[in-house]
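Have the viewer open as you read.

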Amino acid sequence: MKLFIDTTNWQLCLILINEQNKIVEEFIQKDTKKVSDITMSNIVKLLKNHNLILKDIKDFYVTKGPGSYTGVRVGLSIVKTLKTLNNEINVFLIDSLALQAVGKKCISLLDARSYKYYCGVYDNNKVINEPYLIEQKDLKELQKQFLEYRIIKDYDGIDFKINVLNALKQFQKVQTTSEISPIYIKSFI
């Protein structure tokens, strides 16, 4: 079994996937600032719904940011702990912007607060611009550079089930726990 975890952007998204890459169950709770309080209990509940335990999950697919500072750490901390306890599990990572953009020609934006966005530009899974921080006032200029690219913002209209299944080959497998690290773009100092 595979488990997708996204805790990066003020929501909790869990998707349980079987060996044939079919969705078994999806759980999404939007607009949560308590992702650190609810993630593990919801993972356990999701697994219990299917008579599974954590040991039954062999592959973990996780977003590594950018996004909410705390949210980014939650999902990564869970898989880093699990991989430390059992090095046999597989951990695959993708950045949040690439997941949102998978298979599309687009400017991928996620709210970074304070009139700023995390931004990446993608052309059918090819990275044109690596994730960076852009101010809202600079978006029009960016759009002029990429006229044929549509804007996708804050997962609006995104079906996580479809995007995750389409992105499975885009996730990067980590070999060691030291590779399980977040993408932090915004400086907090």
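This is a predicted model: local features need pLDDT of at least 70, side-chain atom pairs count only at pLDDT 80 or more; totals for chains, interfaces and linings use all residues.

1. Two or more lining residues come from each of β5, α3 (96-101) and β8 (126-135), and β8 gives the most, with three residues. By class, the lining has nine nonpolar, three polar and three charged residues.

2. The largest pocket comes to about 300 Å³. Its lining counts 19 residues, with Asn9, Trp10, Gln11, Asp31 and Asp154 lying nearest the centre. β3 (23-30) and β6 each supply at least two lining residues, and β3 has the largest share, three residues. Which class would you expect to see here, nonpolar, polar or charged? The lining divides into nine charged, six nonpolar and four polar residues.

3. Asp154 sits in the loop between β9 (150-153) and α5 (160-167). At a relative accessible area of 34%, Asp154 counts as partly exposed.

4. Tyr155 also has a positive phi, about 60 degrees, although it is not a glycine. Tyr155 too is found in the loop between β9 and α5. Is Tyr155 buried or exposed? Its relative accessible area is 7%, so Tyr155 is buried, the cut-off being under 20%.

5. One for your geometry checks: the peptide bond joining Gly65 and Pro66 is cis, with omega about 5 degrees. Pro66 has its place in the loop between β4 and α2.

6. Helix α2 (residues 69-85) passes a simple length test. At 1.5 Å a residue, its 17 residues should span 24 Å, and the end C-alpha atoms are 25 Å apart, which agrees. The buried residues of α2 are Gly71, Val72, Val74, Gly75, Leu76, Ile78, Val79, Leu82 and Lys83. What do they pack against? Their partners are β1 (2-6), α1 (35-48), β4 (59-63) and β5 (90-94).

7. Thr39 gives a residue-level view from helix α1. Thr39 has a relative accessible area of 1%, so it is buried. Setting aside neighbours within four places in sequence, Thr39 is in contact with Thr7, Leu12, Val74 and Ile78. Val74 and Ile78 are both among the buried residues of α2.

8. Arg113 lies in the loop between β6 (105-111) and β7 (116-123). With a relative accessible area of 36%, Arg113 is partly exposed. Arg113 and Leu12 are 101 residues apart in sequence and 18 Å apart in space, C-alpha to C-alpha.

9. Last, the annotation. UniProt, in an unreviewed entry, lists residues 33-124 as "domain: Gcp-like". Over that stretch the chain is 40% helix and 27% strand, and the end C-alpha atoms are 32 Å apart.

Note on methods: Residues are numbered from 1 along each chain as its sequence is written. Side-chain values use heavy atoms; hydrogens and water are left out. UniProt positions are given in the numbering used here, feature names are shortened, and annotations may be inferred rather than shown by experiment. Helices (H or I, at least four residues) and strands (E, at least two) are DSSP runs, numbered from the N terminus. Buried means under 20% relative accessible area, exposed over 50%, partly exposed in between (1.4 Å probe, protein chains only). The expected span of a helix is 1.5 Å times one less than its number of residues. Contact means heavy atoms within 4.5 Å. On a 1 Å grid over the protein atoms alone, a cavity is a set of points where a 1.4 Å probe fits but cannot get out, and a pocket is an open set with protein on both sides within 12 Å along at least five of seven lines; lining residues have an atom within 4 Å of a point. Grid points are joined across faces, edges and corners, and a volume is the space filled by probe spheres set on the points. Ala, Val, Leu, Ile, Met, Phe, Trp, Tyr, Cys and Pro count as nonpolar, Asp, Glu, Lys and Arg as charged, and the others, Gly among them, as polar.
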